[in-house]
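The sequence and model are shown first.

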Amino acid sequence: MSLTFSHLSVDFIGALPSQLGDTALISGLLIAGAGAAGFTAVGAPIVRKLPGDVVSVVLLLADCHMSAHTFPSEHLMLLDILTVSAHDAQKALDVFTRRLTAREVRCEKRSRG
């Protein structure tokens, strides 16, 4: 049996810079989102503060990954959720949409594999 995957790419536009620059918040949302969707994390989130105000956080999962890249000065966060289709990635996204303030959330879902 071959695996199929679900890939959500989400843009949070017009988000609050104070939230986007908060590495503890973004890391916590990845962990909470993974838990809500029933994903199994294989370790703690990897957090990097990059030049300027950019934050990148990656959470490796037993069957793929979740990542968030924030650009506070641009009021933008890019969220990526890749997992086997048996999981409902929308549940992970719901955690972010409930907690982050954004003017607009654009989501694209693709089947992979």
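## Model and conventions

Helices (H or I, at least four residues) and strands (E, at least two) are DSSP runs, numbered from the N terminus. Residues are numbered from 1 along each chain as its sequence is written. This is a predicted model, in which local features need pLDDT of at least 70 and side-chain atom pairs count only at pLDDT 80 or more, while totals for chains, interfaces and linings use all residues; side-chain values use heavy atoms, with hydrogens and water left out.

## Sheet

Six strands form an open sheet in the order S2-S3-S4-S5-S1-S6, with antiparallel pairing. S2 and strand S6 (104–112) are at the edges; each has a single partner strand, so one side of each lacks a neighbour in the sheet. On average, neighbouring strands of this sheet are turned by 10° against each other, direction ignored. For such angles, axes are lines fitted to C-alpha atoms, for helices over the stretch in contact, and angles run from 0 to 180 degrees between N-to-C directions.

Two strands count as paired if DSSP finds at least two bridges between them. In general, strands of a sheet pair through backbone hydrogen bonds, either parallel or antiparallel. S1 and S5 are antiparallel over nine bridges, and Ile13 has Leu76 in S5 as its bridge partner. Leu76 in S5 also stands opposite Phe71.

## Hairpins

Strand S4 (residues 64–71) pairs with strand S5 (residues 76–84) in the antiparallel sense over seven bridges. Opposite pairs include Ala68 with Leu79 in S5 and His65 with Leu82 in S5. The two strands, S4 and S5, form a hairpin with four residues between them, and His75 in that turn has a positive phi of about 60°.

S3 and S4 are likewise joined by a hairpin, here through two residues. Their antiparallel pairing runs over seven bridges, and Val58 stands opposite Ser67 in S4. The loop between S3 and S4 holds Ala62. Ala62 has 57% relative accessibility and therefore counts as exposed; the classes are buried under 20% relative accessible area, exposed over 50%, and partly exposed in between (1.4 Å probe, protein chains only). Apart from neighbours within four places in sequence, Ala62 is in contact (heavy atoms within 4.5 Å) with Thr40 and Val42. Ala62 and Phe39 are 23 residues apart along the chain, with their C-alpha atoms separated by 7.4 Å.

## Helices and the covered strand

Which strands does helix H3 lie across? Helix H3 (residues 89–99) lies across strand S1 (5–13), S4, S5 and S6, and runs at about 15° to S1. S5 is mostly covered, with seven of its nine residues buried.

Ile26 belongs to helix H2. Its relative accessibility is 0%, so Ile26 counts as buried. Not counting residues up to four places away in sequence, Ile26 touches Gln19, Leu20, Val57, Ala68, Thr70 and Met77. Ile26 and His69 lie 43 residues apart in sequence, and their C-alpha atoms are 9.2 Å apart in space.

## Surface patch and salt bridge

Val42, Ile46 and Leu60 make a nonpolar surface patch of about 260 Å². Patches are made of residues with over 30% relative accessible area and no salt bridge; like charges are joined within 9 Å, nonpolar side chains (Val, Leu, Ile, Met, Phe, Trp, Tyr) within 5 Å. Accessible areas come from the Shrake-Rupley method with a 1.4 Å probe, and for residues only the protein chains shown count as cover. Ile46 is in strand S2 (residues 46–49). With a relative accessible area of 39%, Ile46 is partly exposed.

How many salt bridges are there? A salt bridge is a side-chain nitrogen of Lys or Arg within 4 Å of a carboxyl oxygen of Asp or Glu, and by this rule the count is one. Arg106 forms a salt bridge with Glu104, with the closest N and O atoms 2.9 Å apart. Arg106 is partly exposed because its relative accessibility is 46%, and Glu104 is partly exposed as well, with a relative accessible area of 31%.
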